[in-house]
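The following text walks through a structure at two levels, within one chain and then between two chains. Please keep the sequence and the model in view while reading.

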Number of protein chains: 2
Amino acid sequence: MGSWVEGADGSGFGLENLPFGVVGRGGGPARPAVRIGEHALILEPLAEAGLLGDLPPGVLAGPALNPFLELGRPAWSATRARVTELLREDSLEREAAAAALVPLSDVEARLPVAIGDYVDFYSSIEHASNVGRIFRPDAEPLLPNWRHLPVGYHGRASSVIVSGTDVRRPKGQLPPPEPGGAPRFGPSERLDIELELGFVTGPGNALGSSIPTGAAREHIFGFVLVNDWSARDIQRWEYVPLGPFLGKSFATSISPWIVPVEALEPHRVAPPAQDPEPLPYLRTDEDWALDIALEIALAPEGGEETVVSRTNARGLYWTAPQQLAHATVNGTNVRPGDLYASGTISGAEPDTRGSLLELSWGGRDPLELSGGAGRTFLEDGDTVVLRGTAGAVSLGEVRGRILPSL
Amino acid sequence: MGSWVEGADGSGFGLENLPFGVVGRGGGPARPAVRIGEHALILEPLAEAGLLGDLPPGVLAGPALNPFLELGRPAWSATRARVTELLREDSLEREAAAAALVPLSDVEARLPVAIGDYVDFYSSIEHASNVGRIFRPDAEPLLPNWRHLPVGYHGRASSVIVSGTDVRRPKGQLPPPEPGGAPRFGPSERLDIELELGFVTGPGNALGSSIPTGAAREHIFGFVLVNDWSARDIQRWEYVPLGPFLGKSFATSISPWIVPVEALEPHRVAPPAQDPEPLPYLRTDEDWALDIALEIALAPEGGEETVVSRTNARGLYWTAPQQLAHATVNGTNVRPGDLYASGTISGAEPDTRGSLLELSWGGRDPLELSGGAGRTFLEDGDTVVLRGTAGAVSLGEVRGRILPSL
């Protein structure tokens, strides 16, 4: 059965999806909502009217979803079931729901969660191998630890921004022209993107405990698209020995609508085989690869979009439960609203790679855009759009435009 | 002129200091306070009574100092001046202040701020050189970027804990016994400490802007002692190429009382000369090295303390304004309550090193504790205490005890 909301069925944001986000108008308050078609269903008035079941007061009052995320899966499922009933063709509460519906064109989608910690993994074997080949052409592309653990690091939480926010080209130290020389300073000349999928956490764990792979479903609320903007020149000069810092911390964009795990259940598939078998704490019998088709589109200022890569998240070597089990095996605590991103998602074929670094092979092979322009790395005014779709469920898009350095 | 609070003068927490923190009793609320001697002056009742000047309502209501930090230096200075007047021997409001005073023995000091982002630098040239010599004995100890920028990375904010909180020994993947082999799994066998100094930020900057070295005083509220607990074996296996992750993220302890910049002004001294001269955005004429004497004490379970290292923060190569200017030069945004730690503080002499890794030279030379026990890395039940003093101003201590792995 479909929805009474016009245009919702078949839009990617029908009853199969029902992603959660936060919307606002102008300087007004940010209010939690569920997206249905081209509308946002504002949740707080429905909760106050008792139409969303037994939720604690205020958990959907905004400005972020964190208090709702903290409630956990039983509350998430019950709320999703009630929202489904409200929006179905046979709804008995259609009038009340319609009163809570606003067109997306009347509001902006805001950052849906107050992010506590942001972790970025490196879970695509194709990406890690490509980076190894580009940066260390004479060595084994995969480092010795890569097949034993989901390599990751902490990113910056303050600069996680919502789709549609412009990105200022970062300045910083650029590698010395010759070894042993002094660095140059200026705007990044190798500004890149990374196509990633991220998950947002619900209830956390106490410091000193960990989250086994089998418990992931109780701790993961849903998924977003992530563009992990990267300044390759800044990164290359700074990253040994403590990892990426300013090459990443200037901005990370996410899609505004968090697609719940329940909407993605039909799209869970078997992950790639892992060899060698990982340590017991990383094992799981559950199929947690996600069959999500992904694409990267790039448009120069005033120009048309070109899709420069099409790939799929299902090829990721390390899955979300493995990432979460690894991140917490030392006893660190997850909090509601943490963001864990996959790392760049690249496939085996050249046109399935998830970064310009790989697509242009370190800047050697420029991409041709429709209209004839070439690109190795991003130019000022470029707009990048990442999109994702799992059958009838859309992850929407994450969009960003490059502003020149100040 | 001294304070009427008994025992405050000469205690390290007299009128020269007046550090800010947050205290609570049992499960009760956490309330912002200023430490004076062995007492906490609870601020909210004084603010409500109009005795702290013109503060916006609620900024000292707790549970953390963030709303107060956000106000900025004019409000911090005015509040400090009012607290000084309340606590001076000639105070006309002694009775009101006495009513807001509680003995520290009646309360626990809580984590003083909700930490947004936690960044850890690597700013001691002696420490970076020692680590290079231990891990890469055949290579140049300092990497090519080290003298050009304050190397740093993002740590985990969720597991920053207050002094006195026990630390559970982390489990994780330990390096393979031979190259190319499989990792082992278990409790860390090389659990270490890092003696650091950290600063907590007040007002931040907008995304896309940066904080020049000359503006540091408007953005830095004060300093704490930091113990950046480190599992050297986990770290060694995981850290290439994206930096430390689980080797650090299990716990970072800070001292509970944030010593304001104003209390440290008399202890600002010239930093070491920098060669080569750094890029313009890292230059400053102001003296921002801090003459803070530091020590590391270690006590086995039930045993006496041994001071295993004495050093000074003034030797740090990169200063706080340089760290903050570097961290934001790419346009990332600082928020009130961020924590920026110095990295391990080591001096030139063997007994001035700031980690067991260096003090035991990679585990080769065990330390002897009073009572005759030896230590390379930490054993279960060990308590570590870091202390800091700048003349009459104490930074207090950061204390933690190691619990066995679960």
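How much area do domain 1 of chain A and domain 2 of chain A bury between them? The answer is about 1,600 Å², 65% of it on carbon and sulfur atoms, where buried area is the accessible area (1.4 Å probe) that two parts lose on being put together, summed over both. Within domain 1 of chain A, 40% of the area buried against domain 2 comes from A:Phe20, A:Leu69 and A:Arg73, more than from any other three residues.

This is a predicted model, in which local features need pLDDT of at least 70 and side-chain atom pairs count only at pLDDT 80 or more, while totals for chains, interfaces and linings use all residues. Residues are numbered from 1 along each chain as its sequence is written, chains are lettered from A and ligands numbered from 1 in the order in which they are written, and side-chain values use heavy atoms, with hydrogens and water left out.

Domain 1 of chain A covers 20-110 and domain 2 covers 118-403; such bounds come from an automatic or database domain assignment. Their C-alpha centres lie 29 Å apart. In contact (heavy atoms within 4.5 Å) are 21 residues of domain 1 of chain A and 18 residues of domain 2 of chain A. One salt bridge (a side-chain nitrogen of Lys or Arg within 4 Å of a carboxyl oxygen of Asp or Glu) is found across this interface. A:Arg73 forms a salt bridge with A:Glu262, and the closest N and O atoms are 3.7 Å apart.

The next level is the contact between the chains. Here 58 residues of chain A meet 57 residues of chain B. The two chains bury about 5,100 Å² between them, with 63% of it on carbon and sulfur atoms. On the side of chain B, the residues that lose the most area to chain A are B:His154, B:Leu242 and B:Phe245, together 15% of what that side buries.

Which charged pairs link the chains? The rule finds four salt bridges across the interface of chain B and chain A. A:Arg156 forms a salt bridge with B:Asp117, where the closest N and O atoms are 3.8 Å apart.
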